[in-house]
Amino acid sequence: MFDFHTHFIPEDVINWIDDNKTAINATRIEKNPKKEKFLSINEKWAFELKQDFINADLYMKKQQEAAISHSIISPVPQLFLYDFDSDITKEIATVYNNALVSWQRENPEQLSGLATVSLNHPEQAAKDLRDGMNKGLKGAIIGPGVHGKTLSDPFFTPFWEEAQHLKAIIFIHPLLSEDPRLHHHMMPNLVGVPWETTIAATDILLSGMLDTYDQVKILLAHGGGFFPYQIGRLNQGYHQWPHVAENLRKEPSAYVSDFWYDTVLMHPETHRYLNNTAGSDKLVSGSDFPFDLCSWPPLQTSETAAHSLLYTEGT
Ligand SMILES: [Zn+2]
């Protein structure tokens with residue numbers, strides 16, 4: 001079984017954080033004596049720095065116990081660092097990506113890596129992606145935008161053009177929602193996170209990017225958020241309002257299976273719905289391990305989807 005949605009923080013990255021803790025306002029906070037310390041960057045989205053995130057042997061052992069034969073490892077979104085100067089973003093991307101390349105090279109059967117890129121500087125992001133993939137990474141994980149710009153903004157064109165050229169996997173992973181109405185009950189994570197993916201997927205679809213960048217393999221986190229569930233509404237808008245349809249060659253529901261989706265849904269009925277809506281050849285096993293809200297072990301899916309996502313014909 002594959003795991004397409006899993007995170008790890010290599011030792012070089014931890015060392016980089018410690019060396020740059022003032023520049024990125026990194027703090028370790030004890031929240032509960034029974035838990036590991038929480039890592040906070042710039043006072044945002046603190047998370048428990050569990051051993052599973054940083055101990056490579058333990059991580060591999062857990063993968064084995066869950067019968068995962070191949071993990072596609074992503075950096076953690078808290079370390080994308082899009083809010084900082086792009087020199088800093090580029091520096092952590094280089095350290096992170098090189099560490100994942102080394103780990104992947106040591107375990108080629110078990111591991112593949114996705115790069116983090118300087119999405120706050122799309123020309124640099126294109127270079128980060130190219131460098132990472134030249135060294136064997138399979139693509140990149142990115143957030144749903146930067147500084148209020150969604151991913152269809154022309155600002156990001158250099159990055160998408162490179163992703164198209166490289167036939168990259170681009171894993172769109174939400175950042176914590178900063179909607180002020182969601183400040184309690186863990187709502188930024190519970191509904192804010194899938195909402196961020198919903199916005200990203202809808203924006204990409206309606207902008208016509210799925211036709212323009214048809215070689216990019218876009219993987220949506222957490223089963224695509226709420227996007228697949230609202231496809232009827234998008235279809236009706238497409239027929240109702242000409243400006244919704246202006247960039248599209250077909251109705252929105254016909255684009256649903258242009259994305260890939262992970263299975264981090266934690267409910268058999270929603271999983272079944274996604275399977276019926278997007279097709280089993282677009283659903284890949286994912287866990288979000290080792291975050292608290294992970295689907296562990298991942299749901300088994302058709303390996304056809306995994307192979308079509310991970311391997312490009314002719315390579
Ligand atoms: Zn995740």
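These legends describe close-up views of helix packing in a predicted model.

**View 1. Helix α1 packs against helix α4.** α1 spans residues 11-19 and α4 spans residues 86-106. Their axes lie 8 Å apart, at an angle of about 160°. Angles over 145 degrees count as roughly antiparallel, so α1 is roughly antiparallel to α4. From α1, the contact takes in D12, V13 and W16. From α4, I92, V95, Y96 and A99 meet them. Six residues of this contact are nonpolar and one is charged, with no polar residue.

**View 2. Helix α3 has a buried face and an exposed one.** The helix covers residues 56-65. Its buried residues are Y59, K62 and Q63. Seen down the axis of α3, they fall within an arc of 100°, so they line one face of the helix. An α-helix has 3.6 residues a turn, so residues three or four places apart point the same way. The cover over the buried residues of α3 includes α2 (51-54) and β5 (70-74). D57, K61, Q64 and E65 are exposed, on the face turned away from the buried side. A67 follows α3 and has a positive phi, near 60°.

**View 3. Helix α5 crosses helix α6.** α5 runs over residues 122-134, and α6 over residues 157-166. The axes come within 7 Å and cross at roughly 20°. Angles under 35 degrees count as roughly parallel, and α5 and α6 are therefore roughly parallel to each other. Their crossing is right-handed. α5 contributes P122, E123, A125, A126, L129, R130 and M133 to the contact. On the α6 side are P158, F159, E162, A163 and L166. By class, nine residues of the contact are nonpolar, three are charged and none is polar.

**View 4. Helix α4 also packs against helix α5.** The angle between α4 and α5 is about 10°, and their axes are 11 Å apart. These two helices are therefore roughly parallel to each other. S86, K90, A93 and N97 make the contact from α4. Q124, D128 and G132 make it from α5. The contact of α4 with α5 divides into one nonpolar, four polar and two charged residues.

Notes: Residues are numbered from 1 along each chain as its sequence is written. This is a predicted model: local features need pLDDT of at least 70, side-chain atom pairs count only at pLDDT 80 or more; totals for chains, interfaces and linings use all residues. Axes are lines fitted to C-alpha atoms, for helices over the stretch in contact, and angles run from 0 to 180 degrees between N-to-C directions. Helices (H or I, at least four residues) and strands (E, at least two) are DSSP runs, numbered from the N terminus. Angles under 35 degrees count as roughly parallel, over 145 as roughly antiparallel, 65 to 115 as roughly perpendicular and the rest as oblique. Two residues are in contact if their C-beta atoms, placed from the backbone, lie within 7 Å. Ala, Val, Leu, Ile, Met, Phe, Trp, Tyr, Cys and Pro count as nonpolar, Asp, Glu, Lys and Arg as charged, and the others, Gly among them, as polar. A residue is buried if 20 or more other C-beta atoms lie within 10 Å of its own, exposed if 12 or fewer, and partly exposed in between; C-beta atoms are placed from the backbone. The arc is that of the directions from the helix axis to the C-beta atoms. A crossing is left-handed if the near helix is turned anticlockwise from the far one by less than a right angle, and right-handed if clockwise.
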